[in-house]
Structure formats: structure tokens, C-alpha cells
Amino acid sequence: MVQGLRMPEDFLWGAAVAAHQLEGAWDVGGKGISIADVMLAGANGKRRVVTDTVLPDGNYPSHRGIDFYHSYPRDFKLFKELGLKAFRTSIAWTRIFPNGDEAEPNEEGLLFYDKMIDEMLANGIEPVLTLSHFEMPYHLVTEYGGWRNRKLIDFFVRFAETVIRRYGDRVKYWMTFNEINNQTSWMDTHPMLQNSGLKDYDRDKAQELMYLASHHELVASALVAKIAHEINPDLMIGAMIAMNPVYPASSNPEDILMAQRAMQTRYYWGDVHALGEYPNWLLNFWDHKGIKIDITEEDKKLLRENTVDYVAFSYYMSWTVKSTGDEWLEYDESQNHGDNPFLKKTDWGWQIDPVGVRWAMNWMWDRWHKPLFIVENGMGAYDVLEDDHTIHDEYRIAYLRDHILSMERGVVLDGIPLIGYLPWSGIDIVSASTGEMAKRYGFIYVDLDDMGKGSGKRYKKDSFEWYQQVISSNGESL
Ligand code: P53
């Protein structure tokens, strides 16, 4: 073990997942079809295809997940043994409002999360819930055009209010939209659907649609914060962003300027959530692009008066960017990125950068002055199940140890308030970007392959015992 720094006594060590990646039971208990349910499995380097309807022979990993819908009582026992103090999952919107536009919720869906939350609490684990994690009702995409439609605000708020009223007595930490800023890659159809339900749109309008959909989400998020605080002022409502630091590719001031704009572009969602208003550079940039977003006076007031209580973020990798020479500094993720010669990559090409955790924590704290919460961090890897059912994942331990140490320096040396650390994903689940089971993140191995074949049995990896010790030593023993 390596010497770490002792974290504050109330620090929440835990793990994080999302409903559509592990629950399975996609059509059980009155659940409707979500956007995840029409995504076929892809592979490393092969995109997931989205189908118009659920095809009878399609390989849809969300339909089975790891069968957590039925196995959660046993899995929580393992989490208790691991020592988890908190567990993040999402509520599948389609269990509560199967199509998204119903007036009344589905009681069977509500009961399922009642039981799940109670089971978590019975195991001494604090629930942390995401309201929308890549799993909106597909009906809202096909009938309403997704988040480009302002009506989505009402549908989402109805869903959010229903579950916050129901579970707010037991659940303190909430976040509205998972990785809301992934849509910075609006050139890619995948985040457009996953984040905003944008499908079948005019590709020339993609950038504008993304900003429009995002505005509706930001207003919805502020409304949820408002309602939640009316229900109970102690509830903690957070934004959730994918934090990938973007560094300058060199010390050339043009690259530094470009990297600054890349950060402003990727994290303006954080600005609106935490500071309550849009930055000037973005309003000017929209004018320059001819992008018109209908931001009403009422929207502005809502955003200003209902900022978030904390900023949650995922952290997997960092990027570097070069100047393009464009005076407007337009940032295009798909073009001006390069490899960082100081960093190695995972088997899926994600650059491993532990130092960036501390850098990002400082950047966000300086900018937003909100408590932070690491709600995802981890390394997707090919694990090998040995004949004796052991899994020797020393690469995962190395990745997490380095990232945790960097986080601990951010807290203990730099004094940044951090609520907790919830690595992805505690137990192996379906990968969001590829739909594979083979891209594993857990401390607990699940014996299932990409086609859903296998015993489904759970086995502890070497990292299980390691993380157990990290938690019991409160971060001192890494
Ligand atoms: P997978 C892209 C880049 C970074 C994180 O990802 C991302 C994505 C979108 O897929 O997503 C988050 O499973 C997301 C989780 C996801 C996790 O990272 O593609 O919030 O749902 O599983 C890891 O390896």
C-alpha cells in the first residue's frame, strides 16, 4: 500500500452507476422504452447503432444489464462488505413515466425505487440519485423532437417533482442531468441523442439545436432546484458535468488562448448552473453564428435565483488542443485535438491523467465557489477471470490510487470542499459508449459477456480488497 492523506471524517467514499447500464428488466413493471433501449451494442472503436423501434433480434444490452432489477439486495450486501458509504444510481424516467407525457406516474415503478432506496439505507449506504442519465423516454424523442421542444421542461419537472416528493425524506443528494456538457460534441449524433433526445435533425442546424436543447435543460434544472428547495431547503441539488481538462498543446500563447476557450465552451453549462447566467463570450458567439435562442426574462430570473448547491463531475481523461487561427476561437472537439506526449492511454484510447484531477478541482472551485463531488472516475479495462475465479486487476488499482492521491491533495493541501468520491462503477456494468460488457470498471466482476452469455455470478477482484482498505483508512492507505 502507498501512503495517502487522511480525508475529512464525513467524506463519502462510494461508487456510481446508471439505471440503464445495470438494471435490465427493460419492459418489466410497466416500464416504457427509453433511448437506451433502442441502442444496439457496438464494440471497441465501433459505434452503437440506434434503431427506429425495438427490433426482435437486436442485441440491446440495456434490456438485460446485469439484472440488477432483481439482484440488488445481494449486490448491496457486497457493497456493504466493500464498505461503501454512498452509492449513486439514476432513476429510470421510463419506470415512473413510461412515455414521459402521462399525467400520473406509474406506481409500480415508484415502488421499485422505494424498495431499492430502503435496501441501500438498511445496508448503511447513502443514496445519491441522478434524475436523467442517458435514458429519457423514447416517446419524447419521436413525438416531441426531444429537448429542442420547450414542452420537455414540463415533462421533466413533473417527473423530478414526483420522485423528489416521494424519496426526498430519504435522499439528500440529487443531480439533474448527467454529463450535460457532453453535447459540446454536437458534430457527433451519439451525444445529441444521449443527452438531449435529438434525432432526425437537419445536420446544418445541429449546433443551434444543441444550444437550444441545452437551454431548455438548464431552465428545467433551475426549476427542479427551486421546487426541491421548496419541498425541503436541506436537499442538495447538483449539476453534473463531464470534466475533461483541455490543456494547451504548447506554451504558444495562441494555443493557451484556444485552450481557455475550449474550457469556456465545454463548461459554460457549469457557469449557468453555478453562477446563474450565460457568459458574454457565448452570447456574442451566438450572434456571430446567427444562432438565436429564445431566452425569456422569466428564464433569466429562474436561472439567476436557482443556482445549484454543488457541482458533481465525472473525471476520466484530459485532452490537449492547438490553435486554429480562428479569431472567434470556435472550438471543435473533433478537429484540433492532439495526443499528450506525457500521458498513456487505456485500451479504449482514453488518456490517463491523474494530475488533472487536482488541476480540475482547483479550476472549478476558483470559478464557481461551489462544493464539488466526484461522481465518476475509473478505468475501463479487459479483465481476466482466472480458473480459480480470481481477477488480478493491478492496472485498475494503479489508476485509482493515482487519481485518489491527486484528489486528496486537492482537498487536504488546497482546501477544496469535496463531498465525496464515487468511482465508476463498483460492479461491472454495460458500457455507455460502446454497449460492451468487456469494458469493465467494477471492483466486483460479473460473469457476462457482450452477448449477455454467462452465469451472471459475481466475483471479487483484487481491487475489492484494496478499495475496502482505502475506505476503512479514510484514504490514508492507498
Ligand atoms: P463508458 C464519454 C466520455 C466520458 C464519459 O463510459 C462518458 C462518455 C459517454 O459515454 O460517460 C460517462 O461506459 C457516463 C457513464 C459511462 C461512463 O462515463 O463509455 O456518465 O454512463 O458509463 C464510462 O466507458
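Reader: Which residues is Glu 376 in contact with, leaving aside its neighbours within four places in sequence?
Author: Arg 88, His 133, Asn 178, Glu 179, Met 240, Phe 313, Ser 314, Tyr 315, Tyr 316, Leu 422 and Trp 424 are in contact with Glu 376. Bear in mind that this is a predicted model.

Reader: What makes Glu 376 buried?
Author: The relative accessible area of Glu 376 is 4%. Buried means under 20%. Glu 376 is therefore buried. Its place is in strand E12, residues 372-377.

Reader: For which feature does UniProt list Glu 376?
Author: UniProt lists Glu 376 for "active site", in an unreviewed entry. Such annotations may be inferred rather than shown by experiment.

Reader: Which residues of H6 and H8 meet?
Author: From H6 come Ile 153, Phe 156, Val 157, Ala 160, Glu 161, Ile 164 and Arg 165. From H8 come His 216, Val 219, Ala 220, Leu 223, Val 224, Ile 227, Ala 228 and Ile 231. By class, this contact has 12 nonpolar, one polar and two charged residues.

Reader: Where do H4 and H6 meet?
Author: H4 brings Glu 107, Gly 109, Leu 110, Leu 111, Tyr 113, Asp 114 and Ile 117. H6 brings Thr 162, Val 163, Arg 166 and Tyr 167. These divide into six nonpolar, two polar and three charged residues.

Reader: Now the loops. How do you know whether Tyr 278 is buried or exposed?
Author: Its relative accessible area is 10%. Under 20% means buried, so Tyr 278 is buried. Tyr 278 lies in the loop between H9 (253-275) and H10 (280-289). Beyond four places in sequence, its contacts include His 215, Tyr 268 and Trp 286. His 215 is 63 residues away along the chain, with the two C-alpha atoms separated by 10.0 Å.

Reader: Why is Asp 414 called partly exposed?
Author: Asp 414 has a relative accessible area of 28%. Asp 414 is in the loop between H13 (394-413) and E13 (418-421). It touches Arg 358, Asn 362 and Arg 409, not counting residues up to four places away.

Reader: What makes Asp 200 exposed?
Author: The relative accessible area of Asp 200 is 67%. Exposed means over 50%, so Asp 200 is exposed. Asp 200 also has a positive phi of about 55°, although it is not a glycine. Its loop is between H7 (189-196) and H8.

Reader: What is the class of His 389, and why?
Author: His 389 has a relative accessible area of 39%. That lies between 20% and 50%, so His 389 is partly exposed. His 389 is in the loop between E12 and H13.

Notes:
Residues numbered from 1 in each chain as written. Predicted model: local features only at pLDDT ≥ 70, side-chain atom pairs only at ≥ 80, totals over all residues. Heavy atoms only, no water. Contact = heavy atoms within 4.5 Å. Helix = DSSP H or I, 4+ residues; strand = E, 2+ residues; numbered from the N terminus. Nonpolar A, V, L, I, M, F, W, Y, C, P; charged D, E, K, R; others polar. Buried < 20%, exposed > 50% of the residue type's maximum accessible area, 1.4 Å probe, protein only.
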